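Subject: Structure for you to look at

Hello,

Please find the structure below. My notes on it follow, starting with a question.

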Amino acid sequence: MSSVSRGHWNSRFGFILAAAGSAIGLGNIWRFPYTAGEYGGGAFVLLYLIFVFGIGLPVLLAELSVGRFTQKSPVTAFKDLKPGTKWSWLGGLGVLTGFGILSFYAVIAGVTVGYIYLSLTGKFSADVDAAAVFQGFTADGFQMIALSGLFLAMTALIVQKGVGGGIERAAKILMPTFFVFLLFLVGRALTLEGAGAGLEFMFAPDFSKLTAEGVVSALGQALFSLSLGMGAMITYGSYLSENENIPISAVSVAFFDTGIALVGGLLIFPTLFHAGVDPAAGPGLVFVVMASIFDSLPGGSIFGVVFYGLLSIAALTSTISLLEVITSYFIDEKGWARSKATWTVAFACFLLSIPSALSLGASTFFSEFYGGGFLSLMDNIWGNYSLPIGATLLCFFVAWSWGVPKALASIEAGGHRLPAGAVWGFLIRYVCPAAVLLVFGTTIWQQIFS
Ligand code: TRP
């Protein structure tokens with residue numbers, strides 16, 4: 001059958017690592033700290049955690065159940081479940097969102113690769129201004145475009161090989177390595193002078209600093225970090241076989257991903273206060289802050305190389321999942337060959353990545369686009385708005401169109417019971433959609449009346 005020719009994961013552990021590989025990436029180490037920093041720290045972190053487990057985990061289960069049941073990528077999956085309805089448009093929105101996210105994500109991933117080289121050449125000694133290094137690096141438009149293109153090409157090379165072969169093998173070795181290395185760096189960060197202030201910033205909630213926009217961003221970050229709201233987990237679930245344990249897989253992925261985000265915070269915030277950097281410094285935050293950790297370690301440039309190397313790979317396992325969703329749409333829906341689909345999409349995405357690549361200083365026009373610059377605009381539209389919309393619609397679909405009993409049966413297929421399955425049904429039917437609508441309603445209200 002077609003499901004066989006689409007490929008499957010080689011083992012359950014392989015799937016968990018691949019899904020965790022999709023989830024863990026720049027979202028944890030780059031996006032989480034700078035967004036949390038922008039919205040005041042502790043209160044944002046607390047809300048993010050509530051959203052991860054109250055909304056993210058239920059939606060993750062829902063996406064996996066749709067994927068495994070249909071064994072199809074999003075658009076085809078919705079068509080199979082509800083033929084002749086408009087639900088397939090939700091899959092289309094996901095494909096578009098994935099495209100938008102990949103276009104700016106590749107730019108930051110490109111910077112990460114560039115920073116391997118900067119560390120290697122010892123650019124981060126004690127008397128170097130890390131903020132100036134970042135500015136100088138991102139002001140070189142040609143270099144930024146070339147690095148994004150390179151990163152997209154690497155992603156396409158792996159996606160072209162299909163699941164199991166490339167994706168699974170890469171994630172298996174690299175994700176655990178990344179985790180262990182991060183823990184080591186956290187050990188250093190926590191012993192830096194001033195680390196206590198960083199912990200306080202991250203964990204002591206000050207709700208007066210939280211704006212409605214901050215609440216939307218915390219929700220967006222929870223979904224972004226778990227790769228939810230655009231069908232990536234539907235696609236990954238479609239490569240799962242009947243005897244796989246979805247409840248355990250989903251819970252493992254959520255814990256693993258959130259753990260890495262918190263570890264990322266434990267790395268960035270103590271170091272940030274040690275170095276006296278502004279938490280609201282924006283997308284350059286990680287790149288500027290990390291320099292002072294490496295600075296404080298003997299042979300620091302080696303640690304920099306390893307850190308940016310592993311972060312690049314974590315980003316790669318994420319871009320793979322983004323490209324995989326768009327590619328499998330063209331394979332399943334348009335009947336394209338995998339290699340044609342992969343390279344066409346990657347090239348189109350490269351074109352869209354150019355304005356983002358030029359928006360961190362190289363071009364004044366794109367850097368000041370809509371105030372915050374083109375990259376931030378893309379990040380905001382796709383990450384903070386499109387993902388929550390996609391996630392809510394998916395909840396509506398699973399709860400009211402496909403139906404909770406069928407979805408639950410798919411989650412529990414193979415005899416793997418979902419503890420508190422009734423709670424899950426309640427969350428998907430009422431709580432998740434209501435929470436998202438409330439969060440959005442408040443922001444829109446504020447924007448109209450403020
Ligand atoms: N979750 C990844 C990260 O945190 C990024 C990512 C990969 C993603 N696939 C996705 C985000 C799908 C949203 C949707 O870096």
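Against which helices do the buried residues of α5 pack? They pack against α4 (42–70), α6, α12 (232–237), α15 (300–334) and α18. Helices here are DSSP runs (H or I, at least four residues), strands are E runs of at least two, and both are numbered from the N terminus.

Before the rest, some notes on the source. This is a predicted model: local features need pLDDT of at least 70 and side-chain atom pairs count only at pLDDT 80 or more, while totals for chains, interfaces and linings use all residues. Residues are numbered from 1 along each chain as its sequence is written, and side-chain values use heavy atoms, with hydrogens and water left out.

Helix α5

Helix α5 covers residues 74–81 and is mostly covered, with six of its eight residues buried. Buried means under 20% relative accessible area, exposed means over 50%, and partly exposed is in between (1.4 Å probe, protein chains only). The buried residues of α5 are Pro74, Val75, Thr76, Ala77, Phe78 and Leu81.

Helices α16 and α18

Helix α16 (residues 338–357) packs with helix α18 (residues 374–411) at an angle of about 120°, and their axes are 7 Å apart. This makes α16 oblique to α18. Axes are lines fitted to C-alpha atoms, for helices over the stretch in contact, and angles run from 0 to 180 degrees between N-to-C directions. Under 35 degrees counts as roughly parallel, over 145 as roughly antiparallel, 65 to 115 as roughly perpendicular, and the rest as oblique. Leu352, Pro355 and Ser356 of α16 meet Phe374, Leu375 and Met378 of α18; contact means heavy atoms within 4.5 Å.

Aromatic rings

The structure has 34 aromatic pairs. Rings of Phe, Tyr and Trp (its six-membered ring) pair if their centres lie within 6.5 Å; planes under 30 degrees apart count as stacked, over 60 as edge-to-face and the rest as tilted. Tyr115 belongs to helix α6 (residues 88–120) and Phe137 to helix α7 (residues 130–138), so the pair ties together parts 22 residues apart in sequence. Both Tyr115 and Phe137 are buried.

Another pair is Tyr385 and Phe440, with centres 5.5 Å apart and planes at 50°, so the pair is tilted. Tyr385 is in helix α18 and Phe440 in helix α19 (residues 421–449), so this pair ties together parts 55 residues apart in sequence. Tyr385 counts as partly exposed at 24% relative accessibility, whereas Phe440 is buried at 10% relative accessible area.

One aromatic cluster is formed by Tyr115, Phe134, Phe137, Phe287, Phe294, Phe307 and Tyr308.

Positive phi in loops

Tyr370 is not a glycine, but its phi is positive, near 55°. Tyr370 lies in the loop between α17 (364–367) and α18, and counts as exposed at 70% relative accessibility. Ala420 is not a glycine either and has a positive phi of about 55°; Ala420 is placed in the loop between α18 and α19.

Ala195

Ala195 is in helix α10 (residues 195–203) and counts as buried at 5% relative accessibility. Ala195 and His274 are 79 residues apart in sequence but 6.2 Å apart in space, C-alpha to C-alpha. Leaving aside neighbours within four places in sequence, Ala195 is in contact with Ala189, Leu190 and Pro270.

Regards
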